[in-house]
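Keep the structure in view as you read.

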Amino acid sequence: MSHSSKRTTITAAINKALRLPVLLRLYDKTAHFIFPLLRRLISKSIRFMDSILYYNEDDDLYSTPFDHSFLPPSFSDPGESIFLVPFRWWKEAVCGGGVVDGASGVGGVLYNATVQLNVAGKYRDNDDDNFIGVFGDSEVLVAMSRQEESGISGEEADSGGEGDLALVSEWMFFSALKWHYDIKDVESLLREEGSAYDLFSSQIRLSYVRETRQLVIKISQKDNEVEFAKARSIFCAKCGVLQVWDFSGQTNQLFVADKNSYMGSGQSDEEIILELQIYGLSSTIRDEERRNDDMAVEQSWVDEPSSSSSPRMNGSVDKGNLFSRVPPPFAFNSSFYGPGALGLTGLYNLGNTCFMNSAIQCLVHTSKLVDYFLGNFRKDLNYENPLGMNGKLAIAFGDLLRKLWTPGATPVSPRMFKSTISSFAPRFSGYNQHDSQEFLSFLLDGLHEDLNRVKMKPYIETQDDDSRPDEEVADEYWKNHLCRNDSVIVDLCQGQYRSMLVCPVCKKLSTTFDPFMYLSLPLPSSTLRKMTLTVLSCDGTTLPHPVVITVPDDGTFKDLVVALGEACSLRHNETFLIAEIFNNSILRVLEDPDDSLGLIRDNDQLVAYILPTEMDGSPLVVFMHQEEEKSFIHSSSSFKKFGIPLVTRISDFSKGSEIHKEFLKLLNPFILPVEESLNDASRKRAHEDEELEDTVPDGSANSNNETENDLDAHCSFEYYVENGKSHSNWSKIEMDEPVPIPIPKLNEQIDIIVSWPEKSIQEYDTSILSMLPEVYRTTFTSKWNQDSISLYKCVDAFLKEEPLGPDDMWYCPNCKEHRQAIKKLDLWRLPEILVIHLKRFSYTRFFKNKLEAFVDFPIDDFDLSNYVIPKNNMPCHRYKLYAVSNHYGGLGGGHYTAFAKHGLDRWFEFDDGRVFAVTEEQIKTQAAYVLFYKRI
């Protein structure tokens, strides 16, 4: 069911309830009483249902997308709201330097305002003649007469009456609010009563009286059913003339319009309807009394005479050029830590948008970025940049940031922001999971282009840098970069590194200096992976035995061979043949030394065969075992494979007896001891089989024939050349005949099936053949016992020399050919805000993987002084952590959260709409993905 239909259903249910007979009988006496009450009840019910219907706490794997009809169809600029604040509160911020961008030099217009309360009607109970209250459309009229223009100076900091008010623009309000929040004792601020820091929205009607040259503000109970009592108490609390200062510059447009005859007397009367945000003006009515204000008004207000006349309204005004008509953008209820806590506001999960919420929370707790977007960031909007988004992304982000820093705000739904960014980056549309770092990269690039102060980017040609010092070349590169890129993102987040390429042939050196927005650091040998392999010698001297080795988790097959050779003390005339065993057969042989070990799963079974190097090039013979399996139900038999295949190299295939000799040689370690279940005849036969190759009597043809006859008589194994899966295609090997195979090729693999009779199974220990451990058996605690990696090690891995990949060859200007050059990076210039991306996700042609290694990153002192090349006249290279984007779970799912250090000097976790305090010890986890540092 869509949200609109749900709201209709709720309203219809309440309307149906109004038709009850009991309510109808009360209508005559309480009509004016019941309808304001019901309007308030409906409004609050719908707000409550909205919070339930909109909120989505499901994780990313099971979250249900919202109806697309709720998404805004297109971007709409919310504009700048107008705020009404105490004059003293505003002046303190201006004189304290909290409002920048020249606000202290902007003149304020002083108005003398007279306030009049009009009451439309009264209602009394006829039975007992007791007064109940005032009902109908009461209204407050504020007539403002312009007096003078004046700026704010330090000497005037104490001027202004206690009840004087100030009209300020949205960016002025948030700048002053942040100044008060930062400068005062925040803990005491949080303990203040909520009413002192109340922020609410009131709808007003603004008109201009031409004859008296007055601005008239009308606040009616009809337009403000819930907040009318607050607005009335603010304007009517002070007797006499009320002084209102306008620093927003908006009201002056009405007088300019009058001078230009935009308000001719021939035009009809017209009012401007706009939302006025009111902050910090303590109400004279207590909170518990305020709940009854929609039903009753204190007797002192009733006794005032009702004026039948009001100021005459002549002329009309141009709505488009005056105050921004903004719908109520905020839900002003309660925040995490009370009305004084700013920035501790969650973001609703719209359906797999935790990646976006995590990145946003890290950015909106970047202090200088917060000050910038709370201030007058619109002055830097670049509507003409073809690489930008016409300022829409910056406006959407600024609006979202201000909502998150609004006093007393509840969790915010970032629908307009998501819709805006999806319109420019379709990959972020819909409700699929995405990478928070990828999203962050796009957002920072987009904000930079939208706020780029360079309107026309000049063409700059790079000069040859062969003979000049690096310092001069680096400064020139950076200057050229700033000529085309100048924004708050560049000021805060961009640094510079040196990139050197060396040709491996002619040693040509190429040096460039490139900007960076963040550092993507690899996790070097993040975890030493333990692997178990079964080692089997092919000379018939030892039984198979497991060997445990330790290799880099991101290593290659070459690392495995080296570690295994050290563990087995492999001789110079021996080599490994490592194979994966599946269903008692060799599934594949690991041959490519550059293959990633990630291709080997923990539940795979690997056997390392030790072969002599002198036989390299001879055909590889693989013996696979099978035994007869009888079925008592069908009175038939079948064959099944068992055990580890045995491997050797054979060059003589002239007779089947050669195959038999080699197989018996491989079986020699598996012979059972005499005391175990072997009878004398079996032992004798086994002994004779073992010594067949050594039994060559002095030379006659008759003796040779006799030996071959004995071999044939005592050979109980049957051998077949496997030509396919079907048994009918197998070729039986006869002892005195050539092996039925074509002429073998170099290194060809020949698969032979050995059929074991029952008596041979009792003579050999076949259980050892069947004991094949897995590469790694996971235990409950194994994943948490991995070695940790220092963040400095990640920086070392990022800056180390490495050859370019085969797909990324460099064209050498000397050789005139593409070369696999050696690349070396060095840090040259570090930004004020350093964003570090930990490359936990790896991708190949065959698989995806996430590295769950624990990275030990500094919190209070991340010192990069030893990594920056220029040592003189450079700013501090020590950093302090203030935010972390976390990813829990694996690929294709998981969940993102954020840690952020708030102005309270405490850490908080932002889990979509939930915000809660955490200790500093809880910040370091295996889930850390993107780290945010600021310069100390």
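Which residues form a negative surface patch? They are Glu-591, Asp-592, Asp-594 and Asp-595. A patch is made of residues with over 30% relative accessible area and no salt bridge, with like charges joined within 9 Å and nonpolar side chains (Val, Leu, Ile, Met, Phe, Trp, Tyr) within 5 Å. Asp and Glu count as negative, Lys and Arg as positive; His and the chain ends are not counted.

This is a predicted model, in which local features need pLDDT of at least 70, side-chain atom pairs count only at pLDDT 80 or more, and totals for chains, interfaces and linings use all residues. Residues are numbered from 1 along each chain as its sequence is written, and side-chain values use heavy atoms, with hydrogens and water left out.

**Exposed and buried**

Strands (E, at least two residues) and helices (H or I, at least four) are DSSP runs, numbered from the N terminus. Asp-594 is exposed, with a relative accessible area of 64%. Exposed means over 50%, buried under 20%, and partly exposed in between (1.4 Å probe, protein chains only).

Now turn to Thr-897 in strand S35 (residues 895-901). Thr-897 is buried, at 3% relative accessible area. Which residues does Thr-897 contact, leaving aside neighbours within four places in sequence? Among them are Ser-358, Val-884, Tyr-888 and Phe-910. Contact means heavy atoms within 4.5 Å.

**Salt bridges**

Side chains of opposite charge can pair when their charged atoms come close. A salt bridge is a side-chain nitrogen of Lys or Arg within 4 Å of a carboxyl oxygen of Asp or Glu. By this rule the count is 33.

| Pair | N to O distance |
|---|---|
| Asp-371 and Lys-178 | 3.4 Å |
| Lys-368 and Glu-832 | 2.5 Å |
| Glu-852 and Lys-850 | 3.8 Å |

Start with the salt bridge of Asp-371 and Lys-178. Asp-371 lies in helix H11 (residues 367-374) and Lys-178 in helix H4 (residues 170-183), so the pair ties together parts 193 residues apart in sequence. Asp-371 is partly exposed at 38%, while Lys-178 is buried at 8%.

Next come Lys-368 and Glu-832, joined by a salt bridge. Lys-368 lies in helix H11 and Glu-832 in the loop between strand S28 (822-829) and strand S29 (833-838), so this pair ties together parts 464 residues apart in sequence. Lys-368 is partly exposed at 44%. Glu-832 is partly exposed at 24%.

Finally, a network of salt bridges links Lys-379, Asp-380, Arg-453, Asp-486 and Asp-491.

How values were computed:
Accessible areas come from the Shrake-Rupley method with a 1.4 Å probe; for residues, only the protein chains shown count as cover. The place of a charge is taken as NZ of Lys, CZ of Arg, CG of Asp or CD of Glu.
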